[in-house]
Amino acid sequence: MKGIIENFLIFLIGDAQAERMVPPTGYTVRLTVFAAAAMAFLATFALAFSMATGRLADKWTSELSRSATIRIAASAEQAMAQRDAVLAVLETTPGVESYRVIDAEEQQDLLAPWFGEELSLDLLPVPTLIEIVERPSGFDAQNLQFRLAAEAPGAVFDTHRRWRQPLVNAANRLKFMGWVALGLILATLAVVVTLAAQSALAANAQVISVMRLIGARDSYIALAFVRRFTLRGLLGAILGVLLGILALVLMPAAGGPAGYLTGLAPSGSSWLMPALIPIITAIIAFFATRRAARRMLRSLA
Amino acid sequence: MIEFQNVTYSYGGSALLDEVSFSLPQGSFHFLTGPSGSGKTTLIKLCYAALRASAGQIRVFGKDAATLDRDGVAFLRRNVGVVHQDCKFLDHLSVTENIALPTLVSGQKGAKTVGNLNDLLQWVGLTDVANSLPPSLSGGERQRAALARALINAPDIILADEPTGNVDWEMSQRLLKLLVELNKMGKTVLLATHDMALIRAAKTQVQARVLRIQAKQVWLAGADL
């Protein structure tokens, strides 16, 4: 381990004189820095998007999975009796943490987006709604269903699973697509760095020839190029990630449901995740350049 | 130090050298002569494994050049100083940096190297242009810088390929004198040239022998000069 760290430090600090053997190829180096910055910027967004959709899926799962609703559709005379029966059943159902009847005012608020604030509930056959919150251990939904059917035939038990699951699936799919996008961005970065390195190596065939004539090993020659492109990739990625984070922080805030769209910025320890992008970029640049250099040096033999 | 045994080198189906045999003992001074295109540069390249023999065996420092892998070739070149006709400098580096290149690639650093470098610059008379870039040097200065670079690793063998080809007579004499001095220090020298006047001029300075390439063969051209 100590040897690896020492080699890494030697690689990072490098031999400035040795690196000078390779003439400064401004175009390819600037191209590498720009490509790494652009890709890191996109990667930051892909990562933030993936993490945000992950949080969304978790939120939907955790918030809705522990709740259920009982809807009582019955005539006014029977509704009260059935409501009492349902409450009695819930009172004796293991795993139910709490339950409450959604009152008229709250129902009014729920319907307001569709029917307006002035709606009178007396004009609509609005069913009685009872919200159930289950304990973490959960309850036996099937048993509850049977008991409700027997005690309160007008009660419809809804665990939300029917509409919750597609949303969670969609969020998970989006999360997966975010990771795929991130992978494609990093793969594209590897291609760009490889092409830039190949271009630099081809442009410096004469330099390589001279270095070989004076006794340079191929690994030494390759390292001069690898170090240059790795450090440029790292520099570009740091710039790209910083810009990406700045863009995420500066995104306009929106509360409520819209917050799912604008709240892409990581939170807490998730802020450390974008910091991995420059490291991964440097690793990719290192291996892409090394591979390109080795192939090129073999072909120049 | 260098030994050729029935070496043939072919390119494009035709032989440039055909079953060539000779040896360069330690501390010897040899001229390699022959008409242009006769194969002088090819033979020198075979000596430092820039080319591989098509047949026969080349032994350098007792090792068969054909068995050397890439790293082996690199190590061989660190111990053989080569002065190329076209010098082969990195034009973006100063004269001093170019001369120091072999020490960098072989991982040598420190005061000893700097001391050697300063001594070499003084010895070849390039102190004044030490920080200049190679394109700004005259032909003679380039050749002396190439010689200094060939010597920085203190090799036992010096191969010089037409080092006087692009310089005037006075500079040719100066380069010859430097090579003779090296030979007197115990270095093995092989100097390729088609300049017979230079070979004659060496007569008074060193015990040299002449290898002549003719009809794809290498002949020892007569007795000592």
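## Contacts of A197(A)

A197(A) touches F225(A), F229(A), A288(A), T289(A), A292(A) and A293(A), leaving aside residues up to four places away in sequence. Contact means C-beta atoms, placed from the backbone, within 7 Å.

This is a predicted model: local features need pLDDT of at least 70, side-chain atom pairs count only at pLDDT 80 or more, and totals for chains, interfaces and linings use all residues. Residues are numbered from 1 along each chain as its sequence is written, while chains are lettered from A and ligands numbered from 1 in the order in which they are written.

## Nonpolar cores

The largest nonpolar core has 116 residues. Such a core is a set of buried Ala, Val, Leu, Ile, Met, Phe, Trp, Tyr and Cys residues joined through C-beta atoms within 7 Å. Buried means 20 or more other C-beta atoms within 10 Å of a residue's own; exposed means 12 or fewer, and partly exposed lies in between. A197(A), F225(A), A148(B) and L159(B) touch the most other members. Helix 3 (residues 26–65) of chain A gives the most to this core, 15 residues. Helices here are DSSP runs (H or I, at least four residues), numbered from the N terminus.

A second, separate core holds 12 residues, including I72(A) and V86(A).

## A helix pair in chain B

Helix 3 (residues 95–105) and helix 5 (residues 139–151) of chain B pack at about 30°, with axes 7 Å apart. They are therefore roughly parallel, a term for angles under 35 degrees. V95(B), N98(B), I99(B), L101(B) and P102(B) of helix 3 meet A145(B), A148(B) and R149(B) of helix 5.

Conventions: Helix = DSSP H or I, 4+ residues; strand = E, 2+ residues; numbered from the N terminus. Contact = placed C-beta atoms within 7 Å. Axes fitted to C-alpha atoms, helices over the stretch in contact; angles between N-to-C directions. Parallel < 35°, antiparallel > 145°, perpendicular 65-115°, else oblique.
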